[in-house]
Amino acid sequence: MLDAAFFRRWMTATAASVDREAERLTALDSPIGDADHGSNLQRGFTAVAAALEKEAPDTPGGVLTLAGRQLISTVGGASGPLYGTLLRRAGKALGDASEVSAEQLAEALRTGVDAVMTLGGAAPGDKTMIDALVPAVDALGDSFAASRTAAEEGAVATTPLQARKGRASYLGERSIGHQDPGATSAALLVAALAEAADE
Ligand code: ADP
Ligand code: MG
Ligand code: MG
């Protein structure tokens with residue numbers, strides 16, 4: 001079973017990973033965006049880590065809803081409301097249980113990813129974070145490690161795609177040949193989940 005401490009580890013591991021990879025995320029957002037994805041998420045997850053330390057929610061749902069709220073209120077770009085919705089909706093789905101199973105987490109994340117698709121209108125293949133999140137959730141029934149690999153493969157597979165949502169879509173065919181920054185950060189989020197499970 002997964003408790004609030006596990007979820008706090010997941011969020012702090014994500015914050016650390018986003019810190020380490022911020023320059024790379026921003027570099028990916030240069031040719032097909034506005035070169036702010038790394039700094040957007042760095043600001044957001046720094047606020048998440050600070051809020052979790054201050055409030056220390058004692059349920060998995062509480063950790064994720066607080067994290068989602070922080071992302072929505074601190075990240076100006078498209079990715080803030082989208083990641084915020086993912087975590088807030090997943091957190092809501094977990095309710096106030098003090099521990100949840102891996103299956104319940106997978107189901108909650110499915111609900112969150114569906115909400116992101118409704119909010120942003122993106123489907124798989126549109127070259128967005130969805131291209132890493134959907135395969136990750138599909139593989140979560142197998143293991144955290146399988147989910148991590150699926151997310152990483154999904155991110156890499158965005159390179160030959162033409163963007164149909166977000167800023168990159170303004171470039172039309174010129175968006176082809178670049179890995180999507182949001183799919184790349186989504187893979188970091190999923191990798192941090194596998195990390196938290198290993199600890
Ligand atoms: P902005 O584009 O507003 O500067 P960011 O650079 O932080 O925001 O985030 C860009 C990422 O957000 C993209 O790489 C893409 O993965 C994701 N994204 C943008 N629009 C959408 C959408 N409608 N649905 C899903 N993901 C999206
Ligand atoms: Mg950007
Ligand atoms: Mg921006």
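This is a predicted model: local features need pLDDT of at least 70, side-chain atom pairs count only at pLDDT 80 or more; totals for chains, interfaces and linings use all residues.

Reader: Where does Val113 lie, and which residues does Val113 touch beyond four places in sequence?

Author: The place of Val113 is in helix H5, and Val113 is buried because 22 other C-beta atoms lie within 10 Å. Thr149, which is 36 residues away in sequence, is 18 Å from Val113 in space, C-alpha to C-alpha. Not counting residues up to four places away in sequence, Val113 touches Leu86, Leu133, Val134 and Val137.

Reader: How do the axes of helix H6 and H8 lie relative to each other?

Author: Two packed helices are described by the angle between their axes and the distance between the axes. For helix H6 (residues 130-139) and H8, the axes come within 7 Å and cross at roughly 30°. Angles under 35 degrees count as roughly parallel, and therefore the description of H6 relative to H8 is roughly parallel.

Reader: Which residues make the contact of H6 with H8, and how many of them are nonpolar?

Author: From H6 the contact takes Asp131, Ala132, Leu133 and Ala136, and from H8 it takes Ala183, Ala186, Ala187 and Val190. By class, the contact has 1 charged residue and no polar ones, and the number of nonpolar residues is 7.

Reader: Which element gives the most to the largest nonpolar core?

Author: This core has 57 residues, of which Met11, Ala67, Ala132, Leu133, Ala136, Ala186 and Ala187 touch the most other members. At least two residues each are supplied by helix H1 (4-32), H2, helix H3 (60-74), H4, helix H5 (102-120), H6, helix H7 (144-156) and H8. With 10 residues, the element that gives the most to this core is H8.

Reader: Which residues does Ala186 touch, not counting those up to four places away in sequence?

Author: Ala186 belongs to the H8 side of the contact with H6, and Ala186 is also among the core residues that touch the most other members. Residues up to four places away in sequence are not counted, and those that Ala186 then touches are Met129, Ala132, Leu133, Ala151 and Ala155.

Reader: Is Leu140 buried or exposed?

Author: Leu140 lies in the loop between H6 and H7, and beyond four places in sequence Leu140 touches Ala106, Leu109 and Ser147. The C-alpha atoms of Leu140 and Val190, which are 50 residues apart along the chain, are separated by 9.7 Å. Because 23 C-beta neighbours lie inside 10 Å, Leu140 counts as buried.

Reader: Is Lys127 buried or exposed?

Author: Lys127 is found in the loop between H5 and H6, and although Lys127 is not a glycine, its phi is positive at about 65°. Because 28 other C-beta atoms lie within 10 Å, Lys127 is buried.

Reader: Which element gives the most to the shell around ligand 1?

Author: Of the 23 residues around ligand 1, Gly77, Gly120, Thr128, Gly166 and Gly182 come nearest. Two or more residues of the shell come from each of helix H2 (37-55), helix H4 (79-94) and helix H8 (181-198). By class, the shell divides into 7 nonpolar, 10 polar and 6 charged residues. With 3 residues, the element that gives the most to this shell is H8.

Definitions and conventions. Residues are numbered from 1 along each chain as its sequence is written. Chains are lettered from A and ligands numbered from 1 in the order in which they are written. A residue is near a molecule or strand if its C-beta atom, placed from the backbone, lies within 6 Å of it. Ala, Val, Leu, Ile, Met, Phe, Trp, Tyr, Cys and Pro count as nonpolar, Asp, Glu, Lys and Arg as charged, and the others, Gly among them, as polar. Axes are lines fitted to C-alpha atoms, for helices over the stretch in contact, and angles run from 0 to 180 degrees between N-to-C directions. Angles under 35 degrees count as roughly parallel, over 145 as roughly antiparallel, 65 to 115 as roughly perpendicular and the rest as oblique. Two residues are in contact if their C-beta atoms, placed from the backbone, lie within 7 Å. A nonpolar core is a set of buried Ala, Val, Leu, Ile, Met, Phe, Trp, Tyr and Cys residues joined through C-beta atoms within 7 Å. A residue is buried if 20 or more other C-beta atoms lie within 10 Å of its own, exposed if 12 or fewer, and partly exposed in between; C-beta atoms are placed from the backbone.
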